[in-house]
Amino acid sequence: MKDKLTLAVIALLLLSCAKVPITGRSQLNLVPEAKVLSLSHQQYDDFLQEHKVIKEGAQAAMVQRVGRGIQQAVENYLGQQGMADELAAYDWQFNLVDSPEKNAFCMPGGKVVIYTGILPLTADETGLAVVMGHEVAHAVANHGSERMSQGMLTKLGGMSLAVAMHEQPRETKALALLAFGVGSQVGVLLPYSRLHESEADHLGLVFMAMAGYDPRQAPSFWQRMAAGKEGAPPELLSTHPADETRMNELEKLMPEALKYYAAGGAK
């Protein structure tokens, strides 16, 4: 009986593997897309109701402009790869939220939030494109679904999302916020978090380049972020790559990104 159960689990894991666009990495995805998107949209709407959204002004207009540019780049890339269906259920939104936090996130389905606190570090439209490309990459790579899948296995005993939402709604909401990037944690999911961050750097660099933003400006933004940190933990205890690691990886990826930048044309 135990052997049969083990074989069933292995079969489920094999059938639940997907590929990340651009990097080609295999990933685990046990959560139905419709469920993830429904939960994401609900969490996003709740977040906007609890925070002050800035609708007018130059900064809000810039967030919309850069966001639509990154959106178009993503749609073009996936269309070229015959993966346009991956975005069929997307309902893109780009909102600027009044908060001193140096942060941003993109939930599944293209639900983006930029905090006003990060704008001094982005410095200009290209810097914002670095952030936007990185955060949108998390959604395009289905990192939220992957982390939800990991959480269902490790934190909620492998129960389905529907059962978890009914029996453990508070724990499921907390898991969703973590999976969608609205929160942080040091624990069992940590190695995947660092992997996701590095992968989002890669995809984000390509997306900003396709949108016409110079990817060579990305290291400067991350350097400004690093300079603004106080008491940063060592890489082993961080959900982000160490600054030196990130810079080295960006430099390795730059030739690829510059090809897309040359093909798309500079802004």
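Visitor: What is the relative accessible area of Asn 142?

Guide: Asn 142 has a relative accessible area of 24% and is partly exposed; buried means under 20%, exposed over 50%, and partly exposed in between, with a 1.4 Å probe and protein chains only. The model is a predicted one, in which local features need pLDDT of at least 70 and side-chain atom pairs count only at pLDDT 80 or more, while totals for chains, interfaces and linings use all residues. Residues are numbered from 1 along each chain as its sequence is written, and side-chain values use heavy atoms, with hydrogens and water left out.

Asn 142 is located in the loop joining H5 to helix H6 (143-154); helices (H or I, at least four residues) and strands (E, at least two) are DSSP runs numbered from the N terminus. Most residues other than glycine have a negative phi. Asn 142, although not a glycine, has a positive phi of about 60 degrees. Ala 123, also not a glycine, has a positive phi of about 75 degrees. This residue, Ala 123, lies in the loop between helix H4 (119-122) and H5, and is exposed, with a relative accessible area of 57%.

H5 (residues 125-140) packs against helix H3 (residues 58-80) at an angle of about 50 degrees, the axes being 9 Å apart; axes are lines fitted to C-alpha atoms, for helices over the stretch in contact, and angles run from 0 to 180 degrees between N-to-C directions. H3 is therefore oblique to H5, given that angles under 35 degrees count as roughly parallel, over 145 as roughly antiparallel, 65 to 115 as roughly perpendicular and the rest as oblique.

On the H5 side, the residues that meet H3 include Leu 128, Ala 129, Met 132, Gly 133 and Val 136; among their partners in H3 are Ile 70, Val 74 and Leu 78. Contact here means heavy atoms within 4.5 Å. The residues of this helix contact comprise eleven nonpolar, two polar and two charged; Ala, Val, Leu, Ile, Met, Phe, Trp, Tyr, Cys and Pro count as nonpolar, Asp, Glu, Lys and Arg as charged, and the others, Gly among them, as polar.

Met 132 and Val 136 are also among the residues with the most contacts inside the largest nonpolar core, which has 52 residues. Such a core is a set of buried Ala, Val, Leu, Ile, Met, Phe, Trp, Tyr and Cys residues joined through side-chain atoms within 4.5 Å.
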